[in-house]
Amino acid sequence: MEKRERAAPPLDRWWEGFSDPVLVAIVQRVLDQNFELATAFARVQEARAVAAESDAQRLPTVAFDTSTTFEHQSLDGKLGTIANGLPTFYRDQRDYRMGLVASWEIDLFGGIQRGAAATQDEAQAAEADQAGSRVIVAADAADAYFQICGFRGRLAIAESQIQTDERLLKLGTRSF
């Protein structure tokens with residue numbers, strides 16, 4: 001008879017290699033509900049965002065700015081009465097401004113590039129930390145499950161031994 005070998009599960013789902021649906025369900029529930037992993041995931045997202053921002057600093061920036069101002073001059077008061085007598089006086093004034101600003105910081109000494117590389121490294125470190133936390137949480141859950149299975153096995157052996165001892169006791173009392 002030919003023996004087929006199963007492919008090993010991916011390292012990040014090692015517990016599936018035991019082919020125990022109860023273990024898989026327990027580990028998955030623990031991973032889904034663990035706040036430490038949720039925090040680690042948030043740190044990864046934050047580190048990725050910082051890395052993306054750091055990469056963007058190496059590129060030119062362009063900004064478009066618009067503003068509108070409307071002024072209505074009062075005719076009351078000294079300035080209003082004097083200005084009202086001028087031929088070029090307009091009581092309502094509007095000012096429209098539009099501007100385009102572009103800038104690019106030249107990285108002469110490589111500081112921006114090194115900063116971008118450092119933030120990429122920090123993002124990778126956060127991902128590794130998250131993966132490590134996931135392995136630890138899964139291992140702790142699996143260890144607790146295996147301990148329970150071991151205790152159940154010991155209990156079954158002890159119960160079997162009690163039944164055997166009771167049968168032996170009955171056999172021993174019959175012979176007298």
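1. **Salt bridges, overall.** The whole structure holds 4 salt bridges. The criterion is a side-chain nitrogen of Lys or Arg within 4 Å of a carboxyl oxygen of Asp or Glu. Note that this is a predicted model, in which local features need pLDDT of at least 70, side-chain atom pairs count only at pLDDT 80 or more, and totals for chains, interfaces and linings use all residues. Residues are numbered from 1 along each chain as its sequence is written, and side-chain values use heavy atoms, with hydrogens and water left out.

2. **Asp129 and Arg43.** These two side chains form a salt bridge at 3.7 Å, N to O. The pair joins distant parts of the chain: Asp129 sits in helix 4, Arg43 in helix 2, and they are 86 residues apart. Helices here are DSSP runs of H or I with at least four residues, strands are runs of E with at least two, and both are numbered from the N terminus. Asp129 is partly exposed, at 40% relative accessible area. Arg43 is also partly exposed, at 43%. The classes are buried under 20% relative accessible area, exposed over 50%, and partly exposed in between, with a 1.4 Å probe and protein chains only.

3. **Glu127 and Arg48.** Here the salt bridge is 2.9 Å, N to O. Glu127 belongs to helix 4 and Arg48 to helix 2, so the pair ties together parts 79 residues apart in sequence. Glu127 is partly exposed, with 30% relative accessibility. Arg48 is partly exposed as well, with 40%.

4. **Arg97 and Asp95.** The side chains of Arg97 and Asp95 meet in a salt bridge of 2.8 Å, N to O. Arg97 counts as exposed, at 53% relative accessibility. Asp95 is partly exposed, at 31%.

5. **Chain layout.** The protein chain has 4 helices and 2 strands. Along the sequence they follow the pattern α-α-β-α-β-α. The radius of gyration is 38 Å, well over the 16 Å that the globule rule gives for 176 residues, so the chain is more spread out than a compact globule. That radius is taken over C-alpha atoms, and the rule is 2.2 Å times the number of residues to the power 0.38. Along its principal axes the C-alpha trace spans about 140 × 50 × 35 Å. Of the 176 residues, 15% count as buried.

6. **Contacts.** Take the contacts with a separation of 6 or more: residues 24 or more positions apart account for 73% of them. A contact means heavy atoms within 4.5 Å.

7. **Helix 4.** This helix covers residues 111-174, which makes 64 residues. The expected span is 1.5 Å times one less than the number of residues. Its buried residues include Ile112, Ala116, Thr119 and Ala123. The buried residues of helix 4 pack against helix 1 (21-33) and helix 2 (35-56).

8. **Ser133.** Which residues does Ser133 touch, not counting residues up to four places away in sequence? Ser133 touches Glu36 and Leu37. Ser133 lies in helix 4 and is buried, at 8% relative accessibility.

9. **Nonpolar cores.** The largest has 10 residues: Trp15, Leu23, Val27, Leu31, Leu37, Val137, Ala138, Ala141, Ala142 and Tyr145. Helix 1 and helix 4 are the elements that give two or more residues to this core. Helix 4 gives the most, with 5 residues. A core is a set of buried Ala, Val, Leu, Ile, Met, Phe, Trp, Tyr and Cys residues joined through side-chain atoms within 4.5 Å. Leu31 touches Trp15, Leu37, Arg134, Val137 and Ala138, not counting residues up to four places away in sequence. Apart from this core lies another, of 5 residues, among them Ala47, Ala51, Ala123 and Ala126.

10. **The strand pair.** Strand 1 (residues 61-72) and strand 2 pair in the antiparallel sense over 12 bridges. Pairing requires that DSSP finds at least two bridges between the strands. Thr61 has Ser103 of strand 2 as its bridge partner. Strand 2 (residues 92-103) is hardly covered: of its 12 residues, the count of buried ones is 0.
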